[in-house]
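This briefing is meant for a reader who is meeting the structure for the first time. Please keep the sequence and the model side by side while going through the points below.

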Amino acid sequence: MPAPQLLTAGIELALNKLLALDPASQQRLIPLNGKRLRVNLDELPWPLTFAFSDRVDILTDEHQVDCTIELSVTTLQKLQDVSQLSLLIQQQELSLNGDMHTAQSFSNLIKELDIDWEEHLSRYTGDVIAHQSFKTARRFHHAALSRLHRFGEILRDTAMDEKQLSAHPLAVETFSEQVNQLRSDVARFEARLLQLEQQKGK
Amino acid sequence: MSEPGQSQPQSDDQTHFGYKTVEKQKKASMVADVFHSVAGKYDLMNDLMSMGIHRLWKRFTIDCSGVRPGHKVLDLAGGTGDLAAKFSRLVGSKGEVVLADINNAMLKVGRDKLRDKGILGNVDYVQANAECLPFPDNHFDLITIAFGLRNVTDKDKALTSMFRVLKPGGRLLVLEFSKPEFETLSKVYDLYSFHLLPKIGKLVANDSESYQYLAESIRMHPDQETLQLMMQHNGFEQVTYHNMTGGIVALHRGFKF
């Protein structure tokens, strides 16, 4: 089975479904119409070429494109903050060749995706059920986050104070400083020792 | 080696229709009958028969097409327009896609499907025989024929015609059933296509004969190397092929220089 095509079919289907859920995405696709953007992910053996029209087609071809981006999956997550772009290029975590405008328009297309899930659900369930479902889901989400936070605190207190399995971050910092100090002292002592050995040799 | 129940053409006026031998002039109308019969359920049957994998084979064909905005593309035996829909977006408003099929019923299904998807403007629909294409010389940047060449009566004539209408530098992509690479796969494939496939055809499209013909026509189609040689003999250069799903399907690619 052609694996690259299975992957691109999955990404293409998901991306176009998401874009279809956001009516404003058609407007953001206009500057990209007819453009092609290639993404070379370090983790993938094949390039992903995004071809834009009134939707997005994803190919694995290696023909000429308007813009090429080379990066890893971890860098992809950092790209959510566009202000980090220059820094990532300087740090050589990201390579960008070709038309910068295409890359920016693609970034805007994804970043500005605004889907009203409640509205879409209401088409199938009606307004009341959709609203109540999302209200319950939001409440559950907040409760789950709060419990998770509390659980983290209990786990930290138990590990640090009761069982003494780990140290407090401040203690770790102090210890690291002391280790650094000791390393400097040893280095100075080693240098001094070497100097004395050389003097004795003369 | 001949398959059981298979007959051989006795003269130049005869050809294969599955395992049967028929007059050459009758084959086109017999193939047309098959596709008239299955046109309405063509997409559903393709998905069922291949378990959806035909979509990946077609995606691979598009990946190998090198098609660019502004290109002219001929999708021969284009059927229900799977390739043409994608090419239409890839060539853009300055490009041109011609969806051609010898069968009017298939062409109508393809046209309706593409229009329902909002694909208009750069797609033309032409009922044409691949053996005598009604287009000027050196016209297309790309020609594709997906699961259509095995139904053509005179394949050499069709390849010559495609070569004529292709621009220098253009490419031909032939996606077609071929010969499985492994003996075990071949046996499983035979069991599936001769026993299960006609039953699925009977159940879904109420037509087992057409799917019996499908299985037989696949066996009678030239294997990978033979088709490669045929393309070379008809003028194509740098002819290569890529097996997919163990050679059940192969994509042949050739260029005109």
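In this predicted model, the buried residues of helix α5 of chain B are Met106(B), Leu107(B), Val109(B), Gly110(B) and Leu114(B). Because they cover an arc of only 160° around the axis, they are placed on the same side of α5(B).

**Helix α5 of chain B**

- The helix runs over residues 104-116 of chain B, and its 13 residues should span 18 Å at 1.5 Å a residue, which agrees with the 18 Å that separates its end C-alpha atoms.
- On the other side of α5(B), the residues Asp112(B) and Asp116(B) are exposed.
- Just after the end of α5(B) comes Gly118(B), which takes a positive phi of about 85°.

**Two residues with positive phi in loops of chain B**

- Ala77(B) has a phi near 50°, which is a positive value in a residue other than glycine, and its place is in the loop between β3 (72-76) and α4 (82-91) of chain B.
- Is Ala77(B) buried or exposed? Ala77(B) counts as buried because 24 other C-beta atoms lie within 10 Å, where the cut-off for a buried residue is 20 or more.
- Thr245(B) also has a phi near 50°, again a positive value in a residue other than glycine, and this residue lies in the loop between β8 (237-244) and β9 (249-255) of chain B.
- With 19 other C-beta atoms within 10 Å, Thr245(B) is partly exposed, since being buried would take 20 or more such atoms and being exposed 12 or fewer.

**Helix α1 of chain A**

- Helix α1 of chain A covers residues 3-21, and over its 19 residues it reaches 28 Å from the first C-alpha to the last, which is close to the 27 Å expected at 1.5 Å a residue.
- Which residues of α1(A) are buried? They are Gln5(A), Thr8(A), Glu12(A) and Leu19(A), and because they cover an arc of only 65° around the axis, they sit on the same side of α1(A).
- The face of α1(A) that is turned away from this buried side carries the exposed residues Ala3(A), Gly10(A), Leu13(A), Ala14(A) and Lys17(A).
- The cover over the buried residues of α1(A) comes from both chains, since it includes α2 (25-29), β2 (48-52) and β3 (56-59) of chain A together with α3 (53-63) of chain B.

**Contact between the chains**

- Across the interface, 15 residues of chain A are in contact with 16 residues of chain B.
- On the side of chain A that touches chain B, the elements that give two or more residues are α1 and β3 of chain A, and α1(A) gives the most, with four residues.
- Sorted by class, that side of chain A has six nonpolar, six polar and three charged residues.

**A hairpin in chain A**

- The strands β2(A) and β3(A) form a hairpin, with three residues between them, and they pair in the antiparallel sense over four bridges.
- Within β3(A), Asp57(A) is the residue that stands opposite Ala51(A).

**Chain A as a whole**

- Chain A has eight helices and five strands, and read along the sequence these follow the pattern α-α-β-β-β-β-α-α-β-α-α-α-α.
- The radius of gyration of chain A is 27 Å, whereas a compact globule of 202 residues would have a value near 17 Å, and along its principal axes the C-alpha trace of the chain spans about 85 × 50 × 35 Å.
- Of the 202 residues in chain A, 14% are buried.
- Among the contacts in chain A with a separation of 6 or more, 59% are accounted for by residues 24 or more positions apart.

**Chain B as a whole**

- Chain B has nine helices and nine strands, and buried residues make up 47% of its 257 residues.
- When contacts in chain B are taken between residues at least 6 apart in sequence, 66% of them join residues at least 24 apart.

Terms used: Residues are numbered from 1 along each chain as its sequence is written. Chains are lettered from A and ligands numbered from 1 in the order in which they are written. This is a predicted model: local features need pLDDT of at least 70, side-chain atom pairs count only at pLDDT 80 or more; totals for chains, interfaces and linings use all residues. The expected span of a helix is 1.5 Å times one less than its number of residues. The arc is that of the directions from the helix axis to the C-beta atoms. Two residues are in contact if their C-beta atoms, placed from the backbone, lie within 7 Å. Ala, Val, Leu, Ile, Met, Phe, Trp, Tyr, Cys and Pro count as nonpolar, Asp, Glu, Lys and Arg as charged, and the others, Gly among them, as polar. Two strands pair if DSSP finds at least two bridges between them. The radius of gyration is taken over C-alpha atoms; the globule rule is 2.2 Å times the number of residues to the power 0.38.
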